[in-house]
Amino acid sequence: MWNYKAILTNMFLVHTFTDLGSIDLVNWTLAVELKFYIVICLIGGLVVAGRVWPLLVFSLAVFGLNKLTKSYIGIELMFVSFMMMGVLFNYLFRGIINVFVCAAACAWIMALFLIGWDSGGVSQNYVYGFAIFATAYAFRDKFVDIRVLDFFADISYPLYVVHSLVAYGIMRVLLEHGLPTGVVVPVAGLCVVGIAYAIHVLVEKPTMHLGKNIKMSAAPASA
């Protein structure tokens, strides 16, 4: 049974600091993402400058932490370390490092991630994910715009956030009222897509616009 503490800690993505865990089995990734932002803020100057060594040192430190002690925070930081490979691809895209440096640094981070993983064969999925990402990056010029895919790409974040609890809740209510699965599934799908689009238009786009305005207003005026 959920209580107010479980709901509030999950709402603010600090549930991993308690023994309550995730209440929707989705927001654990958002908690990891939040910690990634915090780490990047702490080393922001080095990232902007395109320094590779902080990413390597961080992955080594996280590996050591998880070998010394097991905790939710340590496991989350492992995923943050994994995400640092995306930062390396950003360096590569910006022309700060070459492909050989990117490959060597990614190999270092991936090796520590895999060696430090103690949860079984699921770790191989991250290798597959990295391979797909790297392949997509290599052939990025071959991709063309497809309106349907672009639409779902635009709402992907709010869709990810709401699909679990909202869709399962809708399906349960509809099934309890005797509707067939052939009706329940598409209705739930359309509902979550509609809600995700509303969040994208009413929350996501305005806050992104606000953030850009704040950044522009804080930037020093050119001479």
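**A close look at the patch and beyond**

Author: Isoleucine 7 is partly exposed, at 33% relative accessibility (buried means under 20% relative accessible area, exposed over 50%, partly exposed in between, with a 1.4 Å probe and protein chains only). This is a predicted model, in which local features need pLDDT of at least 70 and side-chain atom pairs count only at pLDDT 80 or more, while totals for chains, interfaces and linings use all residues. Residues are numbered from 1 along each chain as its sequence is written, and side-chain values use heavy atoms, with hydrogens and water left out.

Isoleucine 7 sits in helix H1 (helices are DSSP runs of H or I, at least four residues, numbered from the N terminus). Helix H1, residues 4–11, gives the most to a nonpolar patch, with four residues. The patch on the surface is formed by Trp2, Tyr4, Ile7, Leu8, Met11, Phe12, Val14, Phe17 and Leu165, and together they have about 1,000 Å² of accessible area (Shrake-Rupley method, 1.4 Å probe, only the protein chains shown counting as cover). Patches are made of residues with over 30% relative accessible area and no salt bridge, with nonpolar side chains (Val, Leu, Ile, Met, Phe, Trp, Tyr) joined within 5 Å and like charges within 9 Å; a salt bridge is a side-chain nitrogen of Lys or Arg within 4 Å of a carboxyl oxygen of Asp or Glu.

Now to the cysteines: the count of disulfides is zero (a disulfide is a pair of cysteine sulfur atoms within 2.5 Å). For cysteine 102, the nearest cysteine sulfur is that of cysteine 106, 4.1 Å away. Cysteine 102 is buried at 4% relative accessibility, and cysteine 106 is buried at 3%.

Conventions. Helices (H or I, at least four residues) and strands (E, at least two) are DSSP runs, numbered from the N terminus.
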